[in-house]
Amino acid sequence: MKARTLPLALPAVVWLLAFWAWPLLLVFSMAFREMDAVTFVVQGFTFDHFKEVLTDSFHLDSVFRSLRLAAFATVLAAVLGYPAALHISRTESQQARTAFTLVLMIPIMISLVVTAFAWILILGPNGFLNQLILALHLSSEPLKFLNSETGVLIVLVYSFGPYMVINVVTALDRIDPAVVRAAQVHGASRWEIFRRVTLPLSFPGLLSGGLIVFSLSAAAFVTPYVIGGNRVKVVPLQIYNAAVTTFDWPIAATLSVVLFVLAMVLATGVARLAERRFAGWLRTAA
């Protein structure tokens with residue numbers, strides 16, 4: 001069977017090797033090379049670019065800001081997305097579920113550029129959000145959402161939050177209704193069923209959705225550039241400026257490698273820690 005199915009996987013493997021693995025290897029190699037700023041000739045081997053990035057406070061601040069925004073976006077996406085996912089999962093009408101899913105997919109189907117510029121109208125000094133805040137007397141003057149981390153965070157959650165909801169809905173749909181009925185028969189309240197059955201069994205969806213949201217938020221370029229006005233310095237913006245403005249490709253590659261490694265290590269570490277921390281909890285629920 002494996003010999004028969006191997007040719008089916010070959011096109012996908014070749015595609016990934018040619019358009020993902022090979023460019024990634026080129027970026028990694030560029031981070032260790034020297035490049036002439038005039039002739040663009042790449043030569044030599046050095047660790048100086050990593051030393052510069054990891055000792056320069058400007059670069060370090062952008063790295064920590066990217067990871068911090070990604071972490072906050074992940075937490076907010078989980079807090080706001082889980083109730084929505086629970087509602088969709090418990091909706092019996094197929095038409096209603098389809099409508100909810102279509103609404104949920106809007107941020108994914110629309111270009112991030114269009115979304116970001118639309119949010120400028122919402123978050124601006126005279127935008128809808130500030131008008132609502134002023135109408136409710138929550139502030140005496142318009143709040144500054146544009147060119148700030150707060151505005152970037154809001155749009156990140158809006159843009160990538162649907163991935164969290166989709167993963168949680170998938171996990172919730174896989175829960176055997178017999179388990180919930182058994183808990184009800186044994187006299188468990190709604191809160192106990194949620195705490196000891198629904199939430200633990202849907203935890204894999206939260207974990208996978210969190211990893212997706214974190215990765216996409218850490219690598220986001222359009223949202224910080226448009227909403228942050230190039231003032232919220234994150235690593236993708238630094239990479240763009242180094243590659244396009246100053247033509248310092250080795251530094252751009254080094255920043256890419258640092259962000260990639262830190263994001264992967266942090267995401268994997270949190271996932272492993274969460275699995276170990278809640279291993280007993282999940283076994284008890286199962």
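Helices here are DSSP runs of H or I with at least four residues, and they are numbered from the N terminus. Welcome to a predicted model, in which local features need pLDDT of at least 70, side-chain atom pairs count only at pLDDT 80 or more, and totals for chains, interfaces and linings use all residues. Residues are numbered from 1 along each chain as its sequence is written, and side-chain values use heavy atoms, with hydrogens and water left out.

**Exercise 1. The nonpolar patch**

**Exercise 2. The salt bridges**

Task: work out how many salt bridges the whole structure has, and which residues are joined into one network.

Solution. A salt bridge is a side-chain nitrogen of Lys or Arg within 4 Å of a carboxyl oxygen of Asp or Glu. The search finds three of them.

Step one: Glu149 pairs with Arg65, and their closest N and O atoms are 3.0 Å apart. Glu149 belongs to helix 7 (residues 149-173) and Arg65 to helix 3 (residues 57-90), so this pair ties together parts that are 84 residues apart in sequence.

Step two: Glu149 also meets Arg68, at 2.9 Å from N to O. To judge accessibility, call a residue buried under 20% relative accessible area, exposed over 50%, and partly exposed in between (1.4 Å probe, protein chains only). Glu149 has 29% and counts as partly exposed, and Arg68, with 34%, is partly exposed too.

Step three: Asp173 and Arg97 meet at 3.0 Å, N to O. Asp173 is in helix 7 and Arg97 in helix 4, 76 residues apart. Asp173 is partly exposed at 40%, whereas Arg97 is buried at 18%. Finally, shared partners join Arg65, Arg68 and Glu149 into one network.

**Exercise 3. The largest pocket**

Task: describe the space in the largest pocket and the classes of its lining residues.

Solution. On a 1 Å grid over the protein atoms alone, a pocket is an open set of points with protein on both sides within 12 Å along at least five of seven lines, a cavity is a set where a 1.4 Å probe fits but cannot get out, and lining residues have an atom within 4 Å of a point. The largest pocket holds about 520 Å³. Among its 20 lining residues, the closest to the centre are Leu24, Ala219, Ser256, Leu259 and Phe260. Helix 13 gives the most, eight residues. For the classes, Ala, Val, Leu, Ile, Met, Phe, Trp, Tyr, Cys and Pro count as nonpolar, Asp, Glu, Lys and Arg as charged, and the others as polar. The lining has 17 nonpolar, three polar and no charged residues.

Notes
Grid points are joined across faces, edges and corners, and a volume is the space filled by probe spheres set on the points. Helices (H or I, at least four residues) and strands (E, at least two) are DSSP runs, numbered from the N terminus.
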